[in-house]
Amino acid sequence: MKRTDAIRRFAAFCSLTVFALLAAGCSDRLIVLNPKGPIAEQQRDLIYISAALCLIVLVPVLLLTFWIVWRYRDKAGNKAAYKPEWEHNAKLEAVWWGIPILIIAALAVITVKYTLELEPSKPLASAAGKEPLTIQVTSLDWKWLFYYPEQGIATVNYIRFPEDTPIRFELTSDAPMNSFWIPQLGGQIYTMSGMAMKLHLQADEPGVYYGSGANFSGEHFASMRFAAEAVPQEEFEGWVAEIRRTEPPLTEEGYEQLAKPGVADVQRFSSFPEGQFERTVTKYAASHQHHAHSGEIDTTEGGGGHVGQH
């Protein structure tokens, strides 16, 4: 019997060791906990605070569970108190009801506070007084198309922007709904046809950050990845000038080909059809014919992302 117990304890120890090693091997993939921007930093803090509050309940419950099983195990000569008629203790019930209620209340207050602060459409204030850069995003099957309306260029599956500069993303879809996500810069936001969503992010330091579509969208869903690179302002301006000088334009016909289902490599375009992003949004609107003549997309900071009227 003693030998069997020893084997069981050794097996349990080995299992825990293997699990710990596997978990340690995944640490470099937890990029959500390695933020590189102000939005992602606040979201990481919310994760830590929520986890800590939950552990206040979880850890004592798990410890008490193991202690009770061990203390009141069926064993000859066990001196643990035996009270078959015991059913109520006001102090204990106050503890195991009161603490969870306080934790839930604290979580509610903290979550509401962070939710208001991290509203995606809320513009970011630059400490250096820099104006935000606008990037228009269209999710396609199965690729990402990015327009730079102020620079007049476009890219596929790759974006570059200045470090320490607020980025104003305007997002829509010309395919099934997807979710735009750069984990180290901030949370995800859905891209939906007929809608122009808004998301404000910022990278505090140079680097290449992983981006992806976080919503299942069919056969090549796993290929909907892109790189988001933050660089110094001078390097960004040089990159824009190089694209304007060396790359071909994106034409209407080229967009139609790009919008067809299929994967794509990184592409760069020196120009794109004016109003292409707005037309992508309005072509899915129920009142498209009316707004094609009398309205435009509401892309102001206070706009709700729908088609606007004059």
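Colleague: Where does W142 lie, and is the peptide bond from D141 to W142 cis or trans?

Modeller: W142 is placed in the loop between strand 1 and strand 2; helices (H or I, at least four residues) and strands (E, at least two) are DSSP runs, numbered from the N terminus. The bond that joins D141 to W142 is cis, its omega being near -10°. Most peptide bonds are trans. The model is a predicted one, in which local features need pLDDT of at least 70 and side-chain atom pairs count only at pLDDT 80 or more, while totals for chains, interfaces and linings use all residues. Residues are numbered from 1 along each chain as its sequence is written, and side-chain values use heavy atoms, with hydrogens and water left out.

Colleague: Which class does D164 then receive, and why?

Modeller: D164 has a relative accessibility of 26% and therefore counts as partly exposed. D164 belongs to the loop between strand 4 and strand 5, and its phi, at about 55°, is also positive although D164 is not a glycine.

Colleague: Why is S270 called buried, and which residues does S270 touch?

Modeller: The relative accessible area of S270 is 16%, so S270 is buried. S270 occupies the loop between strand 11 (267-269) and helix 6 (276-282). Residues up to four places away in sequence aside, S270 touches G152, I153, I243, R244, E247, P248 and P249; contact here means heavy atoms within 4.5 Å.

Colleague: How do you know that the span of helix 3 agrees with its number of residues?

Modeller: The expected span of a helix is 1.5 Å times one less than its number of residues. Helix 3 has 28 residues and should therefore span 40 Å; its end C-alpha atoms are 40 Å apart. The buried residues of helix 3 are I103, L107 and Y114, and these pack against helix 2.

Colleague: What makes the largest nonpolar core a core, and which residues have the most contacts inside it?

Modeller: A nonpolar core is a set of buried Ala, Val, Leu, Ile, Met, Phe, Trp, Tyr and Cys residues joined through side-chain atoms within 4.5 Å. The largest has 35 residues, and those with the most contacts inside it are I135, I159, F161, F169, F180 and I182. Helix 2 (38-71), strand 1 (133-140) and helix 4 (233-246) are among the elements that each supply at least two residues. Another core lies apart, with 14 residues, including L145 and F277. In soluble globular proteins, nonpolar side chains tend to be buried together.

Colleague: Why is strand 8 described as largely enclosed, and in what sense does it pair with strand 5?

Modeller: Four of the five residues of strand 8 are buried, so the rest of the structure largely encloses this strand. Two strands pair if DSSP finds at least two bridges between them; strand 5 and strand 8 have five, in the antiparallel sense. Within strand 8, M197 stands opposite L171.

Colleague: What makes strand 4 and strand 7 edge strands?

Modeller: The open sheet has five strands, in the order 4-10-9-6-7, with mixed pairing. Strand 4 and strand 7 (189-191) each pair on one side only. Strand 6 (residues 178-181) runs antiparallel to strand 7 and is joined to it by three bridges.

Definitions and conventions:
Buried means under 20% relative accessible area, exposed over 50%, partly exposed in between (1.4 Å probe, protein chains only).
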